[in-house]
Amino acid sequence: MTQPKIIFLFSGKRKSGKDFISEKLLSRFPPPCATIIRLSAPLKHEYASQHGLDYTELLTASQYKEQHRHDMIKWGEQVRARDPSYFIIRAVHLAKGESFPVWIVSDMRRRSDLQYFRTNYPNECVTVRVSASPDARVNRGWKFTKGVDDAASECDLDDVCAWDHDIDTSHGDEATTSALIGQLLQRCRDVGVVVT
Ligand SMILES: Nc1ncnc2c1ncn2[C@@H]1O[C@H](COP(=O)(O)OP(=O)(O)OP(=O)(O)O)[C@@H](O)[C@H]1O
């Protein structure tokens with residue numbers, strides 16, 4: 001059982017580049033140092049099994065996922081209303097968080113997620129806000145969807161502005177991404193985590 005030494009919390013709108021940056025960051029750690037925790041993974045897992053759907057298809061950026069996103073969000077809200085930490089605890093378990101000193105949470109979406117991590121890990125959290133212009137997101141396949149893009153899962157963190165780091169990925173330039181990754185890796189070195 002390992003307590004995390006550092007937890008990166010990525011948030012941002014759909015197609016802003018959260019996954020892209022998370023994967024880039026992950027690639028800089030020697031195994032078995034870091035793991036990506038997807039808070040949406042257990043939601044999809046349980047929703048798929050309860051509704052007879054294909055879990056692996058729900059994980060991809062597919063049309064299939066988009067078809068089910070709306071109902072899945074609604075179902076998740078009901079579960080979360082009863083217990084805000086329900087999916088977080090399962091997501092950490094699913095990603096085998098207890099075996100890794102670095103946690104990369106790639107899809108933090110709500111203030112209750114932020115509160116959970118800050119309460120339980122007051123000294124380990126590093127927040128990163130990822131943004132991109134609407135045009136850039138459209139070019140990546142985003143289409144405004146009522147009930148999804150105006151729901152809490154997309155908007156709950158809009159008013160939070162005290163992020164430790166932020167990045168605008170609209171232009172997708174390598175230099176901007178590398179600069180951010182460099183800063184995040186320095187934070188790891190500062191707490192004694194070895195990076196490549
Ligand atoms: N900094 C970047 N440079 C180049 N391409 C990028 C960058 N960020 C994102 N992209 C591209 O944009 C697309 C969407 O990015 P990504 O899947 O990371 O978004 P996301 O925020 O995780 O979206 P969702 O919430 O819908 O899962 C991907 O095809 C990715 O390659």
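How do α2 and α5 lie to each other, roughly perpendicular or roughly parallel? I took this up as my opening entry, keeping in mind that the structure before me is a predicted model.

**Entry on α2 and α5.** I looked up helix α2, residues 40-51, and helix α5, residues 86-94, and found that their axes come within 7 Å and cross at roughly 95 degrees. Angles of 65 to 115 degrees count as roughly perpendicular, and α2 and α5 are therefore roughly perpendicular to each other. For the contact itself I noted A41, P42 and L43 on the α2 side, which meet F87, R90, A91 and L94 of α5. Sorted by class, this contact of α2 with α5 holds 6 nonpolar residues, no polar ones and 1 charged.

**Entry on α1 and α9.** I then turned to helix α1, residues 18-26, which packs with helix α9, residues 174-190, at an angle of about 55 degrees, the axes being 10 Å apart. The two helices, α1 and α9, are therefore oblique to each other, and their crossing is right-handed. From α1 I listed I21, K24 and L25, which meet T177, I181 and L184 in α9; the residues of this contact divide into 4 nonpolar, 1 polar and 1 charged.

**Entry on the buried side of α1.** Which residues of α1 are buried? I wrote down K18, I21, S22 and L25. They cover an arc of only 100 degrees around the axis, which puts them on the same side of α1. Looking for what covers these buried residues, I found that the cover includes the strands β1 (6-12), β2 (34-37), β3 (102-105), β4 (125-131) and β5 (165-168), together with helix α9.

Note on methods. Residues are numbered from 1 along each chain as its sequence is written. This is a predicted model: local features need pLDDT of at least 70, side-chain atom pairs count only at pLDDT 80 or more; totals for chains, interfaces and linings use all residues. Axes are lines fitted to C-alpha atoms, for helices over the stretch in contact, and angles run from 0 to 180 degrees between N-to-C directions. Helices (H or I, at least four residues) and strands (E, at least two) are DSSP runs, numbered from the N terminus. Angles under 35 degrees count as roughly parallel, over 145 as roughly antiparallel, 65 to 115 as roughly perpendicular and the rest as oblique. A crossing is left-handed if the near helix is turned anticlockwise from the far one by less than a right angle, and right-handed if clockwise. Two residues are in contact if their C-beta atoms, placed from the backbone, lie within 7 Å. Ala, Val, Leu, Ile, Met, Phe, Trp, Tyr, Cys and Pro count as nonpolar, Asp, Glu, Lys and Arg as charged, and the others, Gly among them, as polar. A residue is buried if 20 or more other C-beta atoms lie within 10 Å of its own, exposed if 12 or fewer, and partly exposed in between; C-beta atoms are placed from the backbone. The arc is that of the directions from the helix axis to the C-beta atoms.
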